[in-house]
Amino acid sequence: MANVTERNNVHVRGAGDRAMVFAHGFGCDQNMWRFVAPAFERDFRTVLFDHVGAGGSDLSAYDWAKYSTLSGYADDVVEIGAELGLKDCVFVGHSVSSMIGVLAARQAPGMFGKLVLIGPSARYIDDEGYVGGFSAEQIGELLALLEFNHMGWSTQIAPMIMGNPDRPELGQELTNSFCRTDPDIAKAFARVTFTSDNRKDLAEVSVPVLVLQCKEDIIASQEVGDFVARSIPGGRMIVLNATGHCPNLSAPDEVIAAIRAFVS
């Protein structure tokens, strides 16, 4: 586990006996938590990091085979936790990192005491008796467009994901974040994000879980969030007044309040 903290650009702040780990979503980095994480530094050690391929991570550590599944990213989370000696910590995952957290919690019993999943989806593609929000054809077209034109895809898709058209600066920030990501890595991470199926993993989560769901989210609808919460034995869901897929940026106070009530 040499250089784990450098590989994932890990930063630890705050105080307290317990830790709170923040994991960002696709096309983002730890900077996306700048309005949320500081609120917990008085009571927790906050751990922020970048998935390999994102932000300030070590791009030379990117392994195409390892990161072809979400388990590869979960392995990194567990290695970070082991390096820092984390036990009974709170994991806060946004979007695809929600399922990464689910996998990590299963891999390392005792490392995580509670999970907060923001805008989670166990599977984006519709299936018989299951609504994921997208048909296989829609996901195929989404990935084909990304393959053809990374910059154009980012410019078109990011504002839609962010929502909040009355606050265009938010959509622009997400667009810029998407565009900064290495195109080839972005394509690979998008494919594993949008084609993974983690529905069976939910029943194996043995710790309390809070799902934070925006009232309007084109990426992960309330029905999708409700499925995640219902499928986890200790799961419950709160529907935020926020809209879009990134309430950590658009409605941080609401996110902070919900997390604080859950962990107190």
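Guide: Happy to! Helices (H or I, at least four residues) and strands (E, at least two) are DSSP runs, numbered from the N terminus. This is a predicted model, in which local features need pLDDT of at least 70 and side-chain atom pairs count only at pLDDT 80 or more, while totals for chains, interfaces and linings use all residues. Residues are numbered from 1 along each chain as its sequence is written, and side-chain values use heavy atoms, with hydrogens and water left out.

Visitor: Okay, so in what order do the strands of the sheet come?

Guide: The open sheet has seven strands, in the order β1-β3-β2-β4-β5-β6-β7, and their pairing is mixed. Two strands pair if DSSP finds at least two bridges between them. At the edges stand β1 (11–14) and β7, each with a single partner strand, so one side of each has no neighbour in the sheet. From one strand to the next, the twist averages 20°.

Visitor: Let's zoom in on β2. Which way do β2 and β4 run, and how many bridges join them?

Guide: β2 (residues 19–23) and β4 (residues 89–94) run parallel, joined by four bridges. Met20, for instance, has Val90 of β4 as its bridge partner. β2 also pairs with β3 (residues 45–48) in the parallel sense, again over four bridges.

Visitor: How many residues of β2 are buried?

Guide: Five of its five, so β2 is mostly covered. Buried means under 20% relative accessible area, exposed over 50%, and partly exposed in between (1.4 Å probe, protein chains only). Ala19, Val21 and Ala23 point one way from β2, Met20 and Phe22 point the other way, and all are buried.

Visitor: And which strands does helix α3 lie across?

Guide: α3 (residues 96–107) lies across β2, β4 and β5 (112–118), and runs at about 160° to β5. For that angle, axes are lines fitted to C-alpha atoms, for helices over the stretch in contact, and angles run from 0 to 180 degrees between N-to-C directions. Contact means heavy atoms within 4.5 Å.

Visitor: New topic: where does α5 bend?

Guide: At Gln156, by about 25°, with the proline Pro159 following within four residues. The bend at a residue is the angle between axes fitted to the seven residues ending there and the seven starting there. α5 (residues 150–162) has 13 residues and reaches 17 Å from first C-alpha to last, close to the 18 Å expected at 1.5 Å a residue. That expected span is 1.5 Å times one less than the number of residues.

Visitor: What covers the buried residues of α5?

Guide: The cover includes α4 (136–148), α6 (168–180), α7 (183–195), β7 (235–243) and α10 (247–250). Among the buried residues of α5 are His150, Trp153, Ile157 and Ile161. Just after α5, Gly163 takes a positive phi of about 70°.

Visitor: Last one: how many salt bridges are there?

Guide: The structure holds 13. A salt bridge is a side-chain nitrogen of Lys or Arg within 4 Å of a carboxyl oxygen of Asp or Glu. Arg123 forms one with Asp197, their closest N and O atoms being 3.1 Å apart. Arg123 lies in the loop between β5 and α4 and Asp197 in the loop between α7 and α8 (199–202), so the pair ties together parts 74 residues apart in sequence.

Visitor: Is Arg123 buried or exposed?

Guide: Arg123 counts as buried, at 18% relative accessibility, whereas Asp197 counts as partly exposed, at 35%.

Visitor: What does Lys187 form a salt bridge with?

Guide: With Asp184, the closest N and O atoms being 4.0 Å apart. Both lie in helix α7, three residues apart, about one turn of the helix. An α-helix has 3.6 residues a turn, so residues three or four places apart point the same way.
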